[in-house]
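Colleague: Walk me through this model, please. I want the criteria behind each term.

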Amino acid sequence: MKIDAFFPVDDAAPIATAAINYLANTDALIIDLRANHGGEPEMVQFLASHFFDSNPVHLNDLYWREGNKSVQYWTLPYVPAKRYLNKPLYIIIDDKTFSAGEEFTYDLRVLKRATVFGKISAGGANPSDEVKIKGPFVAFIPNCRPINPVTKTNWEGTGVTPDIEILEKDVLLQTQIFALQELGKSTTNKKVKDYFEKNLDKIQTDSTTAIR
């Protein structure tokens, strides 16, 4: 599933719901966030909620300088789509994955709900205001910062580090290979194992190396 941005919930939730329902019966899911340029934290919350059960899980806090206040984000007790539970989730990122795309990845990686592939992300965590300085010059001054409830920090300036760093352009193929290998290891049913191995053999013809 390729996601280019986390658009406002009112616009994007119906599309996300349809996509999750369409993919609900797959054995594993890969979310491709390469070049995702960010978006709304509420959409991050909405999408992330599909990968946890109905018991709320603390995802992230946003601390706002103005008003000295924090806004907490927890998974939602209700989502309209079928939840994607107890199945592997993989996220692909690159050095152009930014802001909300990084938050989604960071949150699910910290909570050990997803395995992350690709390159270290861009490292843009703190929302900023544009402030005029003089003449044509402006400065972007942070007005807010995410605080992860587990790490007590965020990815500003450092980016999100993948679990498995892959610089090659065929990172999607490599992730698919890894997913099929793990699915094959996870079952003792010979018929199911043969199915995964058949698909693995097929996809490996399009790639020169496999992750072991």
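Modeller: Here are the helix packing and the domain contact, term by term.
This is a predicted model, where local features need pLDDT of at least 70, side-chain atom pairs count only at pLDDT 80 or more, and totals for chains, interfaces and linings use all residues. Residues are numbered from 1 along each chain as its sequence is written, and side-chain values use heavy atoms, leaving out hydrogens and water.

Colleague: What makes Pro-41 of helix 2 part of the contact with helix 3?
Modeller: Contact means heavy atoms within 4.5 Å. Pro-41, Val-44, Leu-47 and Ala-48 of helix 2 make the contact, with partners on helix 3 including Phe-104 and Leu-108.

Colleague: How many residues of that contact of helix 2 with helix 3 are nonpolar, and how many charged?
Modeller: Seven are nonpolar, none polar and two charged. Ala, Val, Leu, Ile, Met, Phe, Trp, Tyr, Cys and Pro count as nonpolar, Asp, Glu, Lys and Arg as charged, and the others, Gly among them, as polar.

Colleague: What is the count of salt bridges between domain 1 and domain 2?
Modeller: A salt bridge needs a side-chain nitrogen of Lys or Arg within 4 Å of a carboxyl oxygen of Asp or Glu. Between domain 1 and domain 2 the count is zero.

Colleague: Where do the domains run?
Modeller: Domain 1 is 9-167 and domain 2 is 169-211, with bounds from an automatic or database domain assignment. Each gives twelve residues to the contact.

Conventions: Helices (H or I, at least four residues) and strands (E, at least two) are DSSP runs, numbered from the N terminus.
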